[in-house]
Amino acid sequence: MPTMDSQRSGAAFSRKAGSANAMQRVLILGGTAEARELAQKLAGRDDFAVTLSLAGRTAAPAPQGVPVRVGGFGGSKGLAKYLAAERINVLIDATHPYAATMSDSAARAVQLIDVRLLALRRPAWVAVEGDRWTEVADAQHAVSALGQEPRHVFLTLGRQELGPFRQAPQHHYLIRSVDPVSPPLAVPHATYMTARGPFTEADDLALLKEHGIDVIVSKNSGGPATYSKIAAARTLGIEVVMITRPQLPEMPSVDTVDAVMEWLDHTDAS
Ligand SMILES: NC(=O)c1ccc[n+]([C@@H]2O[C@H](COP(=O)([O-])OP(=O)(O)OC[C@H]3O[C@@H](n4cnc5c(N)ncnc54)[C@H](OP(=O)(O)O)[C@@H]3O)[C@@H](O)[C@H]2O)c1
């Protein structure tokens, strides 16, 4: 049984360590395509017991291939308690690059309990010749960057990040999200579409043309699944208001699923 209140090696939460040959109990903090891919790779291995954790942001998440738990842990202490209770050896932070609160929580939790932590961090997109990016710190600054003149805006942010655009009702918005935006954004001109990536450049080109889009607001999510809109904007010479990534805590990190597999196979399970 895990002990929740004793001290070991300076950790506030402790658990019995497994032997070097013990099965590794892995918790993946997910919500990304890479987390799902990693889970599916580990699902085929009998030396790993894997659980994937989702925030619960989407109503019907894609199948993950391993047991899934849903919802917050209650901060870093809650996460440490969960890790102890579930006798987790390894924590993989494969959250979205903008999920900085969850990453902070992971970094703090492993200071409370003896669990190895690795981040799987997707490299950011880098502007190339022909891109017209305006980089801003957050959605509020994106609103300012759109300016006063009415524009046709393709908004590709999470549903929870749309609020500031109420302050700019002069624009026409095309809003693409995984789940319906409810309640709708309180602006007079908004068109909604629900869709889940990956998207293709040909489809995004057609979409931008069909809606007469002259500016895109995007996070720098990185990865191929949603890059098509950035490539399509380049082709059409359209501006992209790019919300820059939040600061993430320092932790050992790799940028591919294969590198996580390699790390798991070459680090001590005890
Ligand atoms: N979360 C996702 O799956 C996801 C996917 C795509 C994009 N994003 C983007 O990331 C940004 C922030 O999103 P966010 O609010 O979800 O992240 P966040 O601000 O880092 O997380 C807020 C809280 O949600 C809970 N949480 C987040 N990820 C979790 C996970 N994998 N398992 C269990 N609980 C989790 C944690 O609650 P406790 O403190 O209670 O533990 C966390 O403190 C937005 O721009 C969003 O569009 C997130």
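Me: Is K219 buried or exposed?

Reply: Buried means under 20% relative accessible area, exposed over 50%, partly exposed in between (1.4 Å probe, protein chains only). K219 has 13% relative accessibility, so K219 counts as buried. This is a predicted model: local features need pLDDT of at least 70, side-chain atom pairs count only at pLDDT 80 or more, and totals for chains, interfaces and linings use all residues. Residues are numbered from 1 along each chain as its sequence is written, and side-chain values use heavy atoms, with hydrogens and water left out.

Me: Which residue forms a salt bridge with K219?

Reply: A salt bridge puts a side-chain nitrogen of Lys or Arg within 4 Å of a carboxyl oxygen of Asp or Glu. Here the partner is E161, with the closest N and O atoms 3.1 Å apart. K219 sits in strand β10 (residues 215-219) and E161 in the loop between β7 and β8, 58 residues apart. Helices (H or I, at least four residues) and strands (E, at least two) are DSSP runs, numbered from the N terminus. E161 is partly exposed, at 28% relative accessibility.

Me: Where do R176 and D204 lie?

Reply: Their side chains meet in a salt bridge (2.8 Å, N to O). R176 lies in strand β8 and D204 in helix α5 (residues 201-210), so the pair ties together parts 28 residues apart in sequence. R176 is buried at 8% relative accessible area. D204 is buried too, at 2%.

Me: How many salt bridges does a search of the whole structure find?

Reply: The search finds 10.
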